[in-house]
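Here is a short note to read beside the structure. Take the points in order and find each residue as you go.

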Amino acid sequence: MAEADIERFAAPETREYWRAAAEGRLLVQKCQDCGAVQFFSWVSCIECSSSRLGWIEASGRGKVYSFTVIHRAPKPELRDKVPYVLALVQLDEGVRMMSNIVECDPQAVHIDMPVRVIFEPGSVGVVLPKFRPV
Amino acid sequence: MNASLRNSVAIVGVGEGPLGQTGMSALGLHAEAADLALADAGLSKHDIDGLLMVRAWEMPQLMPSAVFAEYYGLRPSYSNALALGGATPCAMVAHAAMAIQAGLCRRVLAIQASNRATLGRDAAVSVLSEIVGHPELENPYEPMIPALYALVAQRYMHEYRATTEDLAAVAVLCRENAARTPYALMKKPIGVEDVLNSKMVASPLHLLDCCLANDFAAAVIVTSADDATNYPRPPAYLLGYGEGHTHEHISEAPSLTTFGCVDSGKRAFAMAGLGPGDVDIAQLYDCFTITVLIELEDLGFCRKGEAAGLVDSGAVSREGYLPINTNGGMLSATTGGMFHVTEAVRQLRGEAGDRQIDKANVCLVHGNGGILSTHTTLLLGRNRV
């Protein structure tokens, strides 16, 4: 994915995240002062408010924290994609992120199911971290 | 000078406007509700100097209240469109109180209206898919509003051993209440099986677990408490108000089972000097069945995880000690949180006809916006506290 695509899609605060995703790496933010880990790219640490935030590479492992099997296509172009799974994954690093659970029968997905990250092209021209059962 | 909003203002006019597939413009719907509220209060436009509206996708202009004031023929001394999503109707009553207390205006017209059904489902989906989920960290995964609430429902069911039948019971209760509401859109009785057999939207939420998506319009008129007895209909006094906000996007919610309603409820009760036991009727934001269970717990009407049992016991049915969503709610009467406010007023006034609850002195109204993101709790009373 070209840098120009990343600049079009991502805000300045998150471009590092998307560059890494294009290389098959999942990044999370880590506070350089208190060590707290967070996922959304905030401009300050949600624990101590420090602005000294860095990126670390996550292991890519986690568990399903919640999920839903979407049966009604939100847009006409998704009609052949349903049913698909939208989930909140709790990474081993302790943060939650939204994703899809793929390479899995939707009916098999359950809370606490162990998953690991894979990277797939998304419909918006970016490489998306998604999760498959371990 | 006491800055608390307790006993500061009262609602003295109510308008419940067109519902369904109206073919009207958003501005036209706002005007209909405004006309009805003015007539109910025995007022004309010249008597209104404050205007509040809800910032909503159906009216994308930067200054909706300026657009409507021009359309309707108002030149207010106080004017704004507030932006808390479904939590805005309750907030409008409190902001009206603040403006009146500050001397910015004397009588506020507060309106919520939408022509979403007329604009059509494709327009709604298209706009909402841009503005609801996080543009980078959620939307690429193709969420939609019911799916985002389904994530909450799924986790809640896991943590508290609740079932899809427990969710369905909320829809059944609202439908029972809607049967006695003349303006309700859905009145045909349903049972739990009907809810579970309705189309699955995003597991575990079926079609009948989701609120209606109709055009609607409702308005109230707010004036100072000292002025409130100069009107044709009995006033509904503002006793307490509180807000609670923990996130915008569900991915960042600190919990998937307990939300800002804990704080909004505590703050509203503290302002009023009341507790959950003082509430006679509660109008709880029911965009989905799950939100009613969560609100019953978080507002303090029962312990966490026990809302399903409360519903099952009949306590929140019209014959119980805490009737909820007495007009049938957003699940069966009409979408639009403003109708929870107008229904509270109707009950407090004794105007609710066949659906009138005998003991109606204190009514709680709760609103939630986004994905259980913003919360507002309003306490209204037949008398000052």
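1. Start with a helix pair in chain B. α6(B) passes α10(B) in a left-handed crossing. A crossing is called left-handed if the near helix is turned anticlockwise from the far one by less than a right angle, and right-handed if clockwise. α6(B) covers residues 145-160, and α10(B) covers residues 289-298. Their axes are 10 Å apart, at an angle of about 60°. The two helices are therefore oblique to each other. Angles under 35 degrees count as roughly parallel, over 145 as roughly antiparallel, 65 to 115 as roughly perpendicular and the rest as oblique.

2. Which residues meet where α6(B) and α10(B) pack? From α6(B) come Y149(B), V152(B), A153(B) and Y156(B). From α10(B) come I290(B), T291(B), L293(B), I294(B) and E297(B). By class, this contact has seven nonpolar residues, one polar and one charged. Contact here means heavy atoms within 4.5 Å. Ala, Val, Leu, Ile, Met, Phe, Trp, Tyr, Cys and Pro count as nonpolar; Asp, Glu, Lys and Arg count as charged; the others, Gly among them, count as polar.

3. Some ground rules. This is a predicted model, in which local features need pLDDT of at least 70 and side-chain atom pairs count only at pLDDT 80 or more, while totals for chains, interfaces and linings use all residues. Residues are numbered from 1 along each chain as its sequence is written, chains are lettered from A and ligands numbered from 1 in the order in which they are written, and side-chain values use heavy atoms, with hydrogens and water left out. Helices (H or I, at least four residues) and strands (E, at least two) are DSSP runs, numbered from the N terminus. Axes are lines fitted to C-alpha atoms, for helices over the stretch in contact, and angles run from 0 to 180 degrees between N-to-C directions.

4. α10(B) also packs against α7(B), residues 164-178. Their axes come within 8 Å and cross at roughly 95°. α7(B) and α10(B) are therefore roughly perpendicular to each other. D166(B), L167(B), V170(B) and A171(B) of α7(B) meet T289(B), I290(B), V292(B) and L293(B) of α10(B). That contact has six nonpolar residues, one polar and one charged.

5. Next, α1(B) (residues 26-41) and α2(B) (residues 64-72). The axes come within 10 Å and cross at roughly 65°. These helices are therefore roughly perpendicular to each other. The crossing is right-handed. α1(B) brings L27(B), G28(B), H30(B), A31(B), A34(B), D35(B) and L38(B), and α2(B) brings V67(B), F68(B), Y71(B) and Y72(B).

6. Now the two chains together. How many residues does each chain give to the contact? Chain A gives 37 residues and chain B gives 34 residues. The area buried between them is about 3200 Å², and carbon and sulfur atoms give 60% of that. In chain A, F40(A), R72(A) and M98(A) lose the most area to chain B, together 23% of what that side buries. Buried area is the accessible area (1.4 Å probe) that two parts lose on being put together, summed over both.

7. Salt bridges. A salt bridge is a side-chain nitrogen of Lys or Arg within 4 Å of a carboxyl oxygen of Asp or Glu. The count over all chains is 24. Between chain A and chain B there is one. E142(B) and K75(A) meet in a salt bridge, 3.1 Å from N to O. Within chain A, R132(A) pairs with E103(A), with the closest N and O atoms 2.5 Å apart. R132(A) is in strand β8 and E103(A) in the loop between β6 and β7, 29 residues apart.

8. Last, check the backbone. The peptide bond from V82(A) to P83(A) is cis, with omega near -5°. P83(A) is in the loop between β4 and β5 of chain A. The bond from S203(B) to P204(B) is cis too, with omega near 5°.
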